[in-house]
Amino acid sequence: MTQTVAVLGTGKIGEALLSGMIRAGWRPADLLVTTRRGERAQELHTRYGVESVSNAEAAKAADILILAVKPQDMGRLLDELAPHVGADRLVISAAAGITTTFIEDRLTQGTPVVRVMPNTPVLVDEGMSVISAGSHATAAHLTTTEEIFGGVGKTLRVPESQQDAATALSGSGPAYFYFLVEAMTDAGILLGLPRAQAHDLIVQAAIGAAVMLRDSGEHPVKLREAVTSPAGTTISAIRELENHGVRAALIAALEAARDRSRELASGNG
């Protein structure tokens with residue numbers, strides 16, 4: 001790796017990307033970080049051997065800028081970066097709801113921008129990062145972005161028009177599973193199991209089911225049918241899920257998440 005990358009805003013997601021890049025072969029000497037607190041800068045230097053600089057210094061020195069700040073801080077950050085970012089840089093945004101147009105309008109004309117929606121499992125190298133090109137980003141820019149985010153999970157290219165749907169499905173997706181595990185744990189307690197045992201049973205079932213979905217290549221309906229015996233326990237449970245409209249509730253929930261993502265992207269937060 002011969003390019004210099006700066007991660008601006010090294011919170012949990014930013015640090016996950018940083019550690020993933022180092023594991024993928026990026027040299028700490030080619031990586032820069034920005035932080036708000038001196039103790040955080042020292043912590044990252046001790047842990048990864050990277051140098052902490054100001055936002056302006058990062059913009060001047062780096063070939064690739066990864067903007068991992070909170071969405072509400074993006075406008076102020078871009079104002080700070082704009083005088084120092086030329087059209088020869090690649091700008092990658094990992095801020096939810098921030099469009100490539102929003103960024104392009106505040107930087108030098110022609111600056112390539114790539115929008116990425118990662119989810120929190122990047123913290124354990126099992127993330128899904130959804131990638132979209134801005135007006136000036138090329139296939140090479142997308143490939144570079146995939147190399148960076150591929151170190152912490154999988155990547156998927158989509159048109160930016162699909163980012164709100166991807167946010168609802170993937171970006172928020174882990175929360176739905178946590179919610180389901182929470183509800184199933186409570187059910188296990190109601191059925192007489194200790195909380196710790198109920199939790200362990202459900203978590204391992206979830207892990208096993210996810211691996212089977214990923215590795216078997218089978219449609220989820222076929223995998224479900226393999227567990228669903230005639231007049232058995234599973235079909236009795238599924239009948240209750242259908243009676244309570246769980247499928248319709250999930251569709252409505254994802255539609256609500258997509259609509260909220262659109263509101264945030266349009267500035268109606």
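Student: In this predicted model, is the crossing in which α1 passes α2 left-handed or right-handed?
Tutor: The two helices are α1, residues 12-23, and α2, residues 38-48. On the α1 side the contact is made by E15, L18, S19 and I22, and on the α2 side by R40, L44, R47 and Y48. The crossing of α1 past α2 is right-handed.

Student: Is α1 roughly parallel or roughly antiparallel to α2?
Tutor: The axes of α1 and α2 lie 12 Å apart, at an angle of about 20 degrees. Angles under 35 degrees count as roughly parallel. Therefore α1 is, relative to α2, roughly parallel.

Student: How far apart are the end C-alpha atoms of α1, and what span should its 12 residues have?
Tutor: At 1.5 Å a residue, the 12 residues of α1 should span 16 Å.

Student: Which elements do the buried residues of α1 pack against?
Tutor: The buried residues of α1 are G14, E15, A16, L17, L18, S19, G20 and M21. Among them, E15, L18 and S19 also belong to the contact with α2. The elements packed against the buried residues are β1, β2, α2, β4 and α6.

Student: Is A95 buried or exposed?
Tutor: A95 sits in the loop between β5 and α5. Leaving aside residues up to four places away in sequence, A95 touches L67, V69, P71, M74 and V116. Its relative accessible area is 3%, and the cut-off for burial is under 20%, so A95 is buried.

How values were computed:
Residues numbered from 1 in each chain as written. Predicted model: local features only at pLDDT ≥ 70, side-chain atom pairs only at ≥ 80, totals over all residues. Heavy atoms only, no water. Axes fitted to C-alpha atoms, helices over the stretch in contact; angles between N-to-C directions. Helix = DSSP H or I, 4+ residues; strand = E, 2+ residues; numbered from the N terminus. Parallel < 35°, antiparallel > 145°, perpendicular 65-115°, else oblique. Left-handed = near helix turned anticlockwise from the far one by under 90°. Contact = heavy atoms within 4.5 Å. Expected span 1.5 Å × (residues − 1). Buried < 20%, exposed > 50% of the residue type's maximum accessible area, 1.4 Å probe, protein only.
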